[in-house]
Amino acid sequence: MRVAGRLGGWEAGRKMTDKGFMQDRTSLMEIDRAKGVLFGLATGDALGFPTEFMTLSSIKKKYGLSGITDFTENPALFTDDTQMSIAVAEALVRTGKRDLESVMAAVREEFTTWRHSPENNRAPGNTCLQGVSNMEHGVHWSESGIPDSKGCGAAMRVAPIGYFYQGDPVRLKEIARATAICTHGHRTSTAASVGAAFLVKLALDGILPENMIPKLLDFTSGMSKEFDHAIKKVEECLDWIDEEKALACLGEGWIAEEAVALALFCFLRHSESFEETVIRGANTNGDSDSIASIAGGISGAYLGFEAIPDRWVKQIEKSAYLADLSSRLAERKLAL
């Protein structure tokens, strides 16, 4: 066991005041939540990495009728989805309570570092690269995004925002919107990014899966008819017996509203199993790594770090760094 096992031994050998005990226990619980989100999105991303750009029939032909069900490498590499999510998380750690411009200045610096990293060689999206380049060359973040782009590159990286601003939905919407438009200018991309971050917040709040869609649509109301339509389609096909037919109806995930809709479908169909959620996401037509990553962030938030298979936590690249970042993000959140 992870958290539960450590907590038991830690409690037994610790002498401290009730107040101090509760503070440390709260910190451990918050770190567990942060790890659920970050390891959730990273392991989902890594599982879907080999199947990105593949059709479901091609995936089955290569990996068998069940598709890809486990990491194929050790360490398992993640993609630009996780790399950019890490950049967002680092920016939040750096800025904490500070104003929007300060947060976005840190986002610009972290994204620029990512853009020039030698590890940025995992099929990064052109829109993300161009938007970051624009910021690097002095264009303000509010104008640096590609105006008509609604690819999923903004929605794939907002899970840390949903975690960090769990208790402040107004701030969550503000930061998620800003981090979206700095690369993707289309209003549907903005709505999808806000929606993806909000789903992580709902999961952390313990909102029952069957209540998530109406709360999501209420939160993003008026932002994008395309996003609303995509989410309503999830509701319409959620009970279909044929999952593959439902997934095909929802799209391939290359555009923002489809990626969030597909990820939400995967989570809602398998809300009690992190493993089944991300396996379903990785076995889809199209942008499988982004679908599985977004779904993994939601599922990890809902079920907690313990729900993520130990073998995946051990095999994912930069596992120790992800654990450290989770701790720093949790500590910063608690200081808000």
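Phe 267 is buried, with a relative accessible area of 0%. That value, like everything that follows, comes from a predicted model. Phe 267 sits in helix H13, a helix that runs over residues 256-269. Leaving aside residues up to four places away in sequence, the neighbours that Phe 267 touches are Pro 209, Met 212, Thr 277, Ile 298, Ser 299 and Tyr 302. Another phenylalanine, Phe 78, is 189 residues from Phe 267 in sequence, and the two C-alpha atoms are 20 Å apart in space.

H13 also packs against other helices. One of them is H9 (residues 187-204), whose axis comes within 8 Å of the H13 axis and crosses it at roughly 25°. That makes the two helices roughly parallel, since angles under 35 degrees count that way. The crossing of H9 and H13 is left-handed. On the H9 side, the contact is made by Thr 188, Ser 189, Ala 192, Ala 196 and Leu 199, and on the H13 side by Ala 256, Glu 257, Val 260 and Leu 264. Sorted by class, this H9 and H13 contact comes to 6 nonpolar, 2 polar and 1 charged residues.

H12 is another partner of H13. Here the axes are 9 Å apart and the packing angle is about 160°, so H12 and H13 are roughly antiparallel to each other. H12 passes H13 in a right-handed crossing. From H12 come Glu 243, Ala 246, Leu 247 and Leu 250, which meet Glu 258, Ala 261, Leu 262, Phe 265, Cys 266 and Arg 269 of H13. The residues of this H12 and H13 contact split into 7 nonpolar, no polar and 3 charged.

Two of the residues in that contact, Glu 243 and Arg 269, also pair up with each other: they form a salt bridge with the closest N and O atoms 3.2 Å apart. This bridge links distant parts of the chain, with Glu 243 in H12 (residues 243-250) and Arg 269 in H13, 26 residues apart. How do the two ends compare in exposure? Glu 243 counts as buried at 14% relative accessibility, while Arg 269 counts as partly exposed at 25%. The cut-off for buried is under 20%, so Glu 243, at 14%, falls on the buried side.

Side chains of opposite charge can pair when their charged atoms come close. A search of the whole structure finds 18 salt bridges. One of them joins Glu 136 to Arg 115, with the closest N and O atoms 2.6 Å apart. Glu 136 lies in helix H6 (residues 126-136) and Arg 115 in helix H5 (residues 100-116), so this pair ties together parts that are 21 residues apart in sequence. Both ends are partly exposed, Glu 136 at 32% relative accessibility and Arg 115 at 25%.

The axes of H5 and H6 come within 9 Å and cross at roughly 120°, so the two helices are oblique to each other. H5 passes H6 in a left-handed crossing. H5 brings Arg 108, Phe 111, Thr 112, Trp 114, Arg 115 and His 116 to the contact, and H6 brings Cys 128, Leu 129, Val 132, Ser 133, Met 135 and Glu 136. By class, the H5 and H6 contact has 6 nonpolar, 3 polar and 3 charged residues.

Which residues of H6 are buried? They are Cys 128, Gly 131, Val 132, Ser 133 and Met 135. The cover over these buried residues includes H5 and helix H4 (80-95). Just after H6, Gly 138 takes a positive phi of about 100°.

Finally, Glu 30, Arg 33 and Lys 333 are linked in a network of salt bridges.

Definitions and conventions. Residues numbered from 1 in each chain as written. Predicted model: local features only at pLDDT ≥ 70, side-chain atom pairs only at ≥ 80, totals over all residues. Heavy atoms only, no water. Salt bridge = Lys/Arg side-chain N within 4 Å of Asp/Glu carboxyl O. Helix = DSSP H or I, 4+ residues; strand = E, 2+ residues; numbered from the N terminus. Buried < 20%, exposed > 50% of the residue type's maximum accessible area, 1.4 Å probe, protein only. Axes fitted to C-alpha atoms, helices over the stretch in contact; angles between N-to-C directions. Parallel < 35°, antiparallel > 145°, perpendicular 65-115°, else oblique. Left-handed = near helix turned anticlockwise from the far one by under 90°. Contact = heavy atoms within 4.5 Å. Nonpolar A, V, L, I, M, F, W, Y, C, P; charged D, E, K, R; others polar.
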